[in-house]
Amino acid sequence: MPSSMSLPFLRAGALALLLPLASAAPTTPGLPAAPTAHPLQGNKPDPAVIAQFGLYNNPALQRLINAKGQQMEAVSDRPGDYGFTIVDSPVINAFATPEGHVYFTRGIMAYFNNEAQFTGVLGHELGHITAQHGKKQKRNNTIAGIGMLLGQIAAPRVMQSIGGAVQQGVGLWMLKYSRGDENEADGLGVKYSTKIGYDASQMADFFLTLQRTEEQSGSSTPTFLSTHPNSADRYQRVKGLAAQAKQSVGNRALAVNRDQYLRAIEGLPFGEDPRQGFVEGNVFYHPDLKFRFPVPSGWKTQNSPEQFQMAEPNGKALLAFLGAGTGTVQEASQALVKQLGLTGAQAQNTTLNGFPAAVVEGDQAATQEGAGAHVRAYLLQDGKSVYAFIGLAAASSFTTYAPQFEAVAKGFGRLTEASKLNRQPEKIRIKTATGTTTLAAALAANGIAKGRYEELAILNGMKTTDRLTKGMLYKVVGK
């Protein structure tokens with residue numbers, strides 16, 4: 001959740017990101033040829049995407065992605081008014097919406113080790129747009145529930161209202177491409193990055209870095225490789241395409257620009273930013289807004305700029321925490337009943353842990369998509385701000401989860417612990433090798449714990465035994 005907490009109450013609606021487009025097929029082996037249809041215009045980032053992930057406020061990196069994206073767009077097979085944005089997510093991913101906008105997470109920016117890798121992936125994403133791969137996704141994907149992280153529970157209208165932002169994000173993560181689409185986008189990425197003067201073979205090296213992050217984490221969190229299916233021959237295939245592309249430009253020298261890129265990402269937050277809220281020991285802490293509340297043990301969580309969500313592991317119950325404006329709890333209660341279309345709604349004024357509060361309870365009618373749900377919301381007044389905990393479950397099982405909803409709401413309180421209030425994110429720090437040494441030795445000299453050597457080696461696109469020469473730049477992480 002953002003530190004500003006200037007959140008709309010119950011943002012509704014689904015992201016219209018899967019639009020009918022025409023697919024383009026290559027006409028020559030290797031690198032795809034020009035598609036013909038006119039592109040849709042997407043130069044402005046979608047507010048719903050920014051609501052889900054947050055905008056990463058770094059003018060220098062935003063200028064970089066704009067400049068390279070526009071260069072590439074100009075030489076692409078389908079020039080158009082496209083847009084390029086870096087979002088504030090630690091997840092290692094990049095995605096493109098069919099209407100013409102490419103998004104990179106700050107997480108993926110941390111793992112690039114030169115401009116050639118960056119532009120290769122940028123060209124790959126632009127390739128998904130210019131080849132109009134979104135047409136298949138319109139046919140094959142639907143936003144049917146709360147999605148991969150939170151599971152699906154029976155209350156589609158509640159999901160659309162409360163879970164809108166998560167649904168939108170899930171819709172983006174669900175843009176999984178076929179191997180044929182991936183091969184075509186790889187070819188286009190090679191083609192476009194080579195045309196603007198970069199060594200496209202570096203994109204293949206970056207795929208190896210991505211594969212290593214997957215292997216190390218063992219995580220099921222959606223990442224670039226889960227939305228962009230990998231294949232055993234992808235590395236060799238991209239290397240071959242890059243060699244072919246280099247020949248097509250007369251084997252001229254192509255840029256890598258390692259040092260320029262590394263200096264550009266100095267200070268980039270690495271991993272989760274605790275200032276925007278973090279979970280530790282079954283408690284959610286928000287240092288900037290200075291509050292805390294418990295999280296039910298074992299429940300899955302997702303934090304976004306609009307709301308913090310907690311879900312029963314099997315998706316049978318959902319509890320969302322979000323901002324509810326700056327009015328009174330009574331006004332917020334009335335708005336909630338109207339927005340969710342609750343029937344038989346009852347509201348009661350109370351206090352929760354010393355905060356003025358109201359409890360609203362009612363039923364969500366059944367729809368064609370699923371059975372109805374029972375909803376209970378707790379609205380708390382904290383100074384000028386009103387916050388809402390909105391719990392829901394199928395009517396038949398609501399009493400099973402009601403005590404957990406209540407315990408979380410009653411546990412809302414001020415955050416006073418200095419260790420939590422002062423928590424800062426780790427950041428990328430660029431160091432210069434003072435002599436010939438191994439990466440492991442350089443990490444040790446910078447106080448990096450031995451248990452993180454492999455993580456940092458992957459971040460550098462190296463092995464711990466690789467040698468650094470005097471003056472060579474490399475990454476570490478620190479406060």
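## Salt bridges

A salt bridge here is a side-chain nitrogen of Lys or Arg within 4 Å of a carboxyl oxygen of Asp or Glu. This is a predicted model: local features need pLDDT of at least 70, side-chain atom pairs count only at pLDDT 80 or more, and totals for chains, interfaces and linings use all residues. Residues are numbered from 1 along each chain as its sequence is written, and side-chain values use heavy atoms, with hydrogens and water left out.

The whole structure holds 17 salt bridges. Glu361 pairs with Arg376, with the closest N and O atoms 3.0 Å apart. Glu361 sits in strand β12 (residues 355-364) and Arg376 in strand β13 (residues 373-382), so the bridge ties together parts 15 residues apart in sequence. Strands (E, at least two residues) and helices (H or I, at least four) are DSSP runs, numbered from the N terminus. Arg376 is buried at 16% relative accessible area; Glu361 is partly exposed at 24%. The cut-offs are under 20% for buried, over 50% for exposed, and in between for partly exposed (1.4 Å probe, protein chains only).

Arg275 and Asp288 form another bridge, at 2.6 Å from N to O. Arg275 is in the loop between β4 (269-270) and β5 (278-280), and Asp288 is in the loop between β6 and β7, so this pair joins parts 13 residues apart in sequence.

## The network around Lys420

Salt bridges link Glu280, Arg292, Glu417, Lys420 and Arg423 in a network. Lys420 lies in helix α15 (residues 418-421). Its side chain meets that of Glu417 at 3.6 Å, N to O. Lys420 is buried at 9% relative accessibility, while Glu417 is partly exposed at 29%.

Beyond four places in sequence, Lys420 touches Arg275, Phe278, Glu280, Tyr285, Pro287 and Leu415. Contact means heavy atoms within 4.5 Å.

## Nonpolar cores

A nonpolar core is a set of buried Ala, Val, Leu, Ile, Met, Phe, Trp, Tyr and Cys residues joined through side-chain atoms within 4.5 Å. The largest has 64 residues; Phe104, Met109, Phe112, Phe118 and Ile428 have the most contacts inside it. Helix α4 (residues 115-130) gives the most to this core, with six residues. At least three residues come from each of domain 1 (47-141 + 149-269) and domain 3 (426-478); the domain bounds come from an automatic or database assignment.

A second, separate core has 27 residues, including Leu289, Phe293, Leu352 and Ala357.
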